[in-house]
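Student: I would like to go through this model and ask what stands behind each label.
Tutor: Go ahead.

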Amino acid sequence: MMPEISIIVPVYNAEDYLSLCIDSILAQSYTDYELILVNDGSTDKSRNICLEYASKEECIVFIDKENGGVSSARNVGLKESKGKWITFVDSDDVLPLNALSILMNLVSYEKNIDLGIAGYTCCNAQLKLIFSTSEYKEDKYILLRDKGINKLYKSEFWQWFICSKIFKGDIIRQNNLEFDEKIYFAEDRLFIMRYVCTLKGKIAFTTAPVYVYRIHDKSVQALASTCFNPQVKTGFEASILMYKEICKTQSTWHNKYLALIDVILSYRTVKRMGAGDKKFIKSIDAMLSDVMPRYLYHLLWLIRWINIKVASFKSRYCGN
């Protein structure tokens with residue numbers, strides 16, 4: 001029988017966190033799911049941990065593969081998935097007890113919802129709170145595609161990362177959507193944009209947290225902030241490809257503007273990270289030039305600066 005939800009967990013050298021992750025999924029109040037554990041060539045005890053759980057729990061599907069990266073592991077999980085809905089969990093993170101219930105209630109709120117986007121909590125390695133969307137007023141929005149894209153670009157907390165979202169399985173399968181295995185940073189942002197650009201239905205948003213994102217010394221966010229990896233250039237490439245995806249659709253000019261601003265922000269971030277490496281800087285300069293001429297880059301950056309100043313003035317003096 002087809003499960004309602006497929007939960008895909010890519011696993012690589014996560015022995016310190018994996019059991020807690022799996023336990024949090026098995027403890028869910030909503031139980032109509034399959035849990036797909038994809039071991040991506042781990043060299044620690046992660047494989048054995050997965051096998052032990054799979055031998056005890058019928059809902060667990062275990063897949064063993066050679067190391068190919070997180071996108072490769074997620075793609076294998078997608079091909080194996082049978083659920084009507086699909087969600088992703090990283091092997092060092094955890095789900096609150098009612099996470100799946102919140103997500104299913106969200107996408108069942110009204111007809112023709114194709115994507116559910118919920119809130120999240122950020123914690124340190126010891127699960128001490130850093131930030132949670134629960135600090136905001138609990139809001140729920142049901143938006144059509146273009147307004148949903150706009151909110152994802154402009155929101156303080158709803159972002160393009162893969163977690164705390166639930167996708168319709170048939171849309172992924174019918175459009176042959178998968179993660180780009182040549183993109184090593186921001187691959188999830190690109191996958192989500194490609195998914196959203198196929199939508200004819202609605203996107204549902206809630207601030208209710210359904211995910212606990214753990215930041216530790218081995219997490220992607222921590223590693224990116226402590227050392228330079230030339231592959232961060234692929235994160236910039238992802239922003240460019242996201243802009244190109246929007247251009248293929250009949251989306252609004254404002255969304256295309258926001259996508260271009262995202263390209264500029266990504267360029268400036270990557271350039272700052274690669275400062276001192278002339279060959280690297282030259283390569284990303286060439287990538288930017290393929291998207292926009294220099295005068296447009298400076299013009300858009302000026303417009304963004306003006307918009308920020310105007311918004312700040314209104315907030316300060318007009319109470320908006």
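**Labels and their grounds**

Tutor: The model is a predicted one. In helix H2, which spans residues 46-56, the buried residues are Ser46, Ile49, Cys50 and Tyr53.

Student: What puts these residues on the same side of H2?
Tutor: Their arc around the axis is only 100°, and therefore they share one side of H2.

Student: What covers the buried residues of H2?
Tutor: The cover includes strands E1 (5-11), E2 (33-40) and E3 (60-65), together with helix H1 (18-26).

Student: Where is leucine 95, and why does it count as buried?
Tutor: Leucine 95 sits in the loop between strand E4 (85-88) and helix H4 (99-107). Its relative accessibility is 9%, and buried means under 20%. Leucine 95 therefore counts as buried.

Student: Which residues is leucine 95 in contact with, leaving aside its neighbours within four places in sequence?
Tutor: They are Ser24, Ile25, Gln28, Val89, Leu100, Val210 and Tyr211. The criterion for contact is heavy atoms within 4.5 Å.

Student: How many aromatic pairs does a search of the whole structure find?
Tutor: The search finds 16. One of them joins phenylalanine 88 and phenylalanine 167, with ring centres 6.0 Å apart and planes at 75°.

Student: Why is the pair of phenylalanine 88 and phenylalanine 167 called edge-to-face?
Tutor: Centres must lie within 6.5 Å for a pair, and planes over 60 degrees apart count as edge-to-face. With values of 6.0 Å and 75°, the two rings pair and the pair is therefore edge-to-face.

Student: What makes this pair a tie between parts apart in sequence?
Tutor: Phenylalanine 88 belongs to strand E4 and phenylalanine 167 to strand E8 (residues 165-168), so the pair ties together parts 79 residues apart in sequence.

Student: Are these two phenylalanines buried or exposed?
Tutor: Phenylalanine 88 has 1% relative accessibility and so counts as buried. Phenylalanine 167, at 0%, counts as buried too.

Student: Which residues do ring pairs link into a cluster?
Tutor: The cluster consists of Tyr120, Phe131, Tyr136, Tyr141, Phe157, Trp158, Phe161 and Phe205.

Student: Which residues line the second largest pocket, and how many fall in each class?
Tutor: The lining is Tyr136, Lys137, Asp139, Tyr141, Lys151, Lys154, Ser155, Glu156, Phe157, Trp158 and Thr207. By class, 4 are nonpolar, 2 polar and 5 charged. The space in this pocket is about 190 Å³.

Terms used: Residues are numbered from 1 along each chain as its sequence is written. This is a predicted model: local features need pLDDT of at least 70, side-chain atom pairs count only at pLDDT 80 or more; totals for chains, interfaces and linings use all residues. Side-chain values use heavy atoms; hydrogens and water are left out. Buried means under 20% relative accessible area, exposed over 50%, partly exposed in between (1.4 Å probe, protein chains only). Helices (H or I, at least four residues) and strands (E, at least two) are DSSP runs, numbered from the N terminus. The arc is that of the directions from the helix axis to the C-beta atoms. On a 1 Å grid over the protein atoms alone, a cavity is a set of points where a 1.4 Å probe fits but cannot get out, and a pocket is an open set with protein on both sides within 12 Å along at least five of seven lines; lining residues have an atom within 4 Å of a point. Grid points are joined across faces, edges and corners, and a volume is the space filled by probe spheres set on the points. Ala, Val, Leu, Ile, Met, Phe, Trp, Tyr, Cys and Pro count as nonpolar, Asp, Glu, Lys and Arg as charged, and the others, Gly among them, as polar. Rings of Phe, Tyr and Trp (its six-membered ring) pair if their centres lie within 6.5 Å; planes under 30 degrees apart count as stacked, over 60 as edge-to-face and the rest as tilted.
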